[in-house]
Amino acid sequence: MDAPEPGMPDDRDWTTVLEAGCGECGYRPHDPPDTAARLASAAERWNAVLAGPDVDRRPAPRVWSPLEYAGHCRDLIEVLGDRLRAMLAEEEPTYADFDGEAAVREREYWRADPGVLAEQLARETERTRRVLAGVAGADWQRTGRRGDGFVFTIATLSQYIVHDVEHHLYDVDG
């Protein structure tokens with residue numbers, strides 16, 4: 001299959017979910033120590049989505065398929081683990097912005113095998129959960145800076161990524 005059309009541009013400021021939650025998917029900021037459990041639950045839900053029919057079919061030309069959303073979530077969970085590790089090891093690390101649309105194209109998510117992707121998502125979830133297991137007390141307030149200057153704490157980055165993963169499950173009725 002040739003590369004599909006790029007997804008719809010999304011220039012919303014998703015950091016607003018950290019204060020107000022998400023009116024679209026219903027997310028409300030969760031207690032950060034619950035992040036590992038939320039990610040495990042999401043991975044199980046993604047596994048069910050990826051076992052379904054037509055996961056590689058886009059509902060519209062510029063809307064990602066469930067397979068592409070799952071690949072994006074696998075990468076977000078990996079990014080979360082990497083950034084948390086850096087935030088625990090360094091004082092206010094800066095990390096590059098994550099361009100989800102570029103990653104879709106570079107990694108060709110639409111070509112993924114759903115079973116392999118489910119295994120990768122589960123593996124990244126467990127790796128990130130192990131990093132989260134090392135976060136305690138004041139560590140939740142350690143900071144890191146996104147390339148655009150936005151400062152996250154470990155707590156808010158955990159909430160931000162959980163929202164993204166759960167929102168995309170909402171997008172695919174998962």
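Trainee: How do helix 3 and helix 6 run relative to each other, roughly parallel or roughly antiparallel?
Mentor: Keep in mind that this is a predicted model, where local features need pLDDT of at least 70 and side-chain atom pairs count only at pLDDT 80 or more, while totals for chains, interfaces and linings use all residues. Residues are numbered from 1 along each chain as its sequence is written, and side-chain values use heavy atoms, with hydrogens and water left out. The axes of helix 3 and helix 6 come within 10 Å and cross at roughly 175 degrees (axes are lines fitted to C-alpha atoms, for helices over the stretch in contact, and angles run from 0 to 180 degrees between N-to-C directions). With under 35 degrees counted as roughly parallel, over 145 as roughly antiparallel, 65 to 115 as roughly perpendicular and the rest as oblique, helix 3 and helix 6 are therefore roughly antiparallel.

Trainee: How many nonpolar residues does the contact of helix 3 with helix 6 have?
Mentor: Helix 3 brings in residues including Tyr-69, Leu-76, Leu-80 and Met-87, and helix 6 answers with Ile-154, Leu-157, Ile-161 and Val-165 among them (contact means heavy atoms within 4.5 Å). For classes, Ala, Val, Leu, Ile, Met, Phe, Trp, Tyr, Cys and Pro count as nonpolar, Asp, Glu, Lys and Arg as charged, and the others, Gly among them, as polar. Next to three polar and three charged residues, the nonpolar count is 12.

Trainee: And helix 2 with helix 6: what is the handedness of the crossing?
Mentor: The axes of helix 2 (residues 35-50) and helix 6 (residues 154-171) come within 10 Å and cross at roughly 20 degrees (helices are DSSP runs of H or I, at least four residues, strands are runs of E, at least two, and both are numbered from the N terminus). That makes helix 2 roughly parallel to helix 6. A crossing is left-handed if the near helix is turned anticlockwise from the far one by less than a right angle, and right-handed if clockwise. Helix 2 passes helix 6 in a crossing that is left-handed.

Trainee: Which residues of helix 6 do Thr-35, Arg-38, Leu-39, Ala-42, Arg-45, Trp-46 and Val-49 in helix 2 meet?
Mentor: By class, this contact of helix 2 with helix 6 divides into seven nonpolar, three polar and three charged residues. On the helix 6 side, the partners are Ser-158, Val-162, Val-165, Glu-166, His-168 and Leu-169.

Trainee: Where does helix 5 come in, I mean, how is it oriented to helix 2?
Mentor: Helix 5 (residues 114-133) has its axis within 10 Å of that of helix 2, and the two cross at roughly 180 degrees. Among the residues that meet are Leu-39, Ala-43 and Trp-46 in helix 2 and Leu-117, Leu-121 and Leu-132 in helix 5. The angle tells the rest: helix 2 and helix 5 are therefore roughly antiparallel.

Trainee: On to charges: is Asp-75 buried or exposed?
Mentor: Asp-75 meets Arg-107 in a salt bridge (2.6 Å, N to O), which is a side-chain nitrogen of Lys or Arg within 4 Å of a carboxyl oxygen of Asp or Glu. Arg-107 sits in helix 4 (residues 100-107) and Asp-75 in helix 3 (residues 66-89), 32 residues apart. Buried means under 20% relative accessible area, exposed over 50% and partly exposed in between (1.4 Å probe, protein chains only). At 44%, Arg-107 counts as partly exposed, whereas Asp-75, at 3%, counts as buried.

Trainee: How far apart are the closest N and O atoms of Arg-145 and Glu-92?
Mentor: Arg-145, at 29% relative accessibility, counts as partly exposed, and Glu-92 is partly exposed too, at 34%. These two form a salt bridge, and their closest N and O atoms are apart by 2.6 Å.

Trainee: Which residue does Glu-108 form a salt bridge with?
Mentor: Glu-108 lies in the loop between helix 4 and helix 5 and has a positive phi of about 50 degrees although it is not a glycine. Most residues other than glycine have a negative phi. At 33% relative accessibility, Glu-108 counts as partly exposed. With closest N and O atoms 3.0 Å apart, the partner of Glu-108 is Arg-111.

Trainee: What is the phi of Asp-54?
Mentor: Asp-54 is in the loop between helix 2 and helix 3, and it counts as partly exposed at 43% relative accessibility. Although Asp-54 is not a glycine, its phi is positive, at about 55 degrees.
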